[in-house]
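User: Hey, I've got a model open here and I'd like to talk it through. Could you help me find my way around?

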Amino acid sequence: FPSHDIGCNSFSMWATYAKPIFKNRGQFLIGVNYQNYHLNGEMYNPFSLSNRNYFGSNRIKGFIEEQVEYDSSNEGANLLLNLGSELNLNNGFWIDLSVGLIKKIEDESSNFVSQFRFRYTLPEK
């Protein structure tokens, strides 16, 4: 067998705190995320702090999300404000829809963002 060196070119860590709100009809989440990775000989260290508030039931819920992200690759920070909903169609099949605004702090430019996706998670039952 050929000899290969084992290595690691990225590292990621995150932590999230969650608390029920509105008599268990909502949830408050706050989290941090840090990454360290190498790309084309350069090292990058994106860091983000985010908050998401869910409202509704586990089957259908809406959310509002705020995030501040610093990315060393473009040496600037971004702000995100995002609104959306998640719908559990059946046994772990979900539809997610969100729209938002990203604002770059260094040049004060803004971009609208949207997302529509289908996803599958393990069923709860």
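Predicted model: local features only at pLDDT ≥ 70, side-chain atom pairs only at ≥ 80, totals over all residues.

User: Okay. How many helices and strands are in the chain?
Analyst: The chain has zero helices and eight strands. Read from the N terminus, the order of elements is β-β-β-β-β-β-β-β.

User: And how spread out is the chain?
Analyst: The radius of gyration is 18 Å, while the globule rule gives 14 Å for 125 residues, so the chain is more spread out than a compact globule. Along the principal axes, the C-alpha atoms fill a box of roughly 50 × 50 × 25 Å.

User: What share of the residues counts as buried?
Analyst: Of the 125 residues, 25% count as buried.

User: Let's do pairing. How do E4 and E5 pair?
Analyst: They are antiparallel, with ten bridges between them. The two strands make a hairpin, and three residues sit between them. If you want a spot to look at, Ser 50 has Gln 67 in E5 as its bridge partner.

User: What about E5 and E6, how many bridges there?
Analyst: Twelve bridges join E5 to E6, and that pair is antiparallel. There you can find Glu 66 opposite Leu 81 in E6.

User: And E7 with E8?
Analyst: Those run antiparallel too, joined by eleven bridges. Lys 103 stands opposite Ser 110 in E8. E7 and E8 form a hairpin with five residues between the strands, and in that hairpin Glu 108 has a positive phi near 60°.

User: Switching topic: how many salt bridges does the count come to?
Analyst: The count comes to six salt bridges.

User: Which Lys does Glu 86 form a salt bridge with?
Analyst: That's Lys 61, with the closest N and O atoms 3.9 Å apart. Glu 86 is in strand E6 and Lys 61 in strand E5, so this pair ties together parts that lie 25 residues apart in sequence. Both Glu 86 and Lys 61 are buried.

User: And Arg 119, how far is it from Glu 86 at the closest N and O atoms?
Analyst: They come to 3.4 Å, and the two form a salt bridge. This pair also links distant parts of the chain, with Arg 119 in strand E8 and Glu 86 in strand E6, 33 residues apart.

User: Is Arg 119 buried or partly exposed?
Analyst: Arg 119 is partly exposed, because its relative accessible area is 24% and the buried class stops under 20%.

User: Which residues are linked in the network of salt bridges?
Analyst: The network links Arg 52, Lys 61, Glu 65, Glu 86, Asp 96, Arg 117 and Arg 119.

User: Now pockets. What volume does the largest pocket have?
Analyst: Its volume is about 370 Å³. The lining has 20 residues, and the ones nearest the centre are Arg 52, Glu 65, Asn 82, Ser 98 and Gln 115. Arg 52 and Glu 65 also belong to the salt-bridge network.

User: Which strands supply the lining?
Analyst: E4 (47-56), E5 (60-71), E6 (76-90), E7 (93-104) and E8 (110-120) each supply at least two residues of the lining.

User: And how do the lining residues divide by type?
Analyst: Seven are nonpolar, six polar and seven charged.

User: Last one. Where is Leu 39?
Analyst: Leu 39 is in strand E2, residues 26-39. At 44% relative accessibility, Leu 39 counts as partly exposed.

User: How far is Leu 39 from Ser 50 in space?
Analyst: They are 25 Å apart, C-alpha to C-alpha, and eleven residues apart in sequence. Ser 50 is the residue whose bridge partner in E5 is Gln 67.

Terms used. Residues numbered from 1 in each chain as written. Heavy atoms only, no water. 1 Å grid on protein atoms, 1.4 Å probe; cavity = no way out; pocket = protein on both sides within 12 Å on 5 of 7 lines; lining within 4 Å. Points joined across faces, edges and corners; volume = space filled by probe spheres on them. Helix = DSSP H or I, 4+ residues; strand = E, 2+ residues; numbered from the N terminus. Nonpolar A, V, L, I, M, F, W, Y, C, P; charged D, E, K, R; others polar. Pairing = 2+ DSSP bridges. Salt bridge = Lys/Arg side-chain N within 4 Å of Asp/Glu carboxyl O. Buried < 20%, exposed > 50% of the residue type's maximum accessible area, 1.4 Å probe, protein only. Rg over C-alpha atoms; globule rule 2.2 N^0.38 Å.
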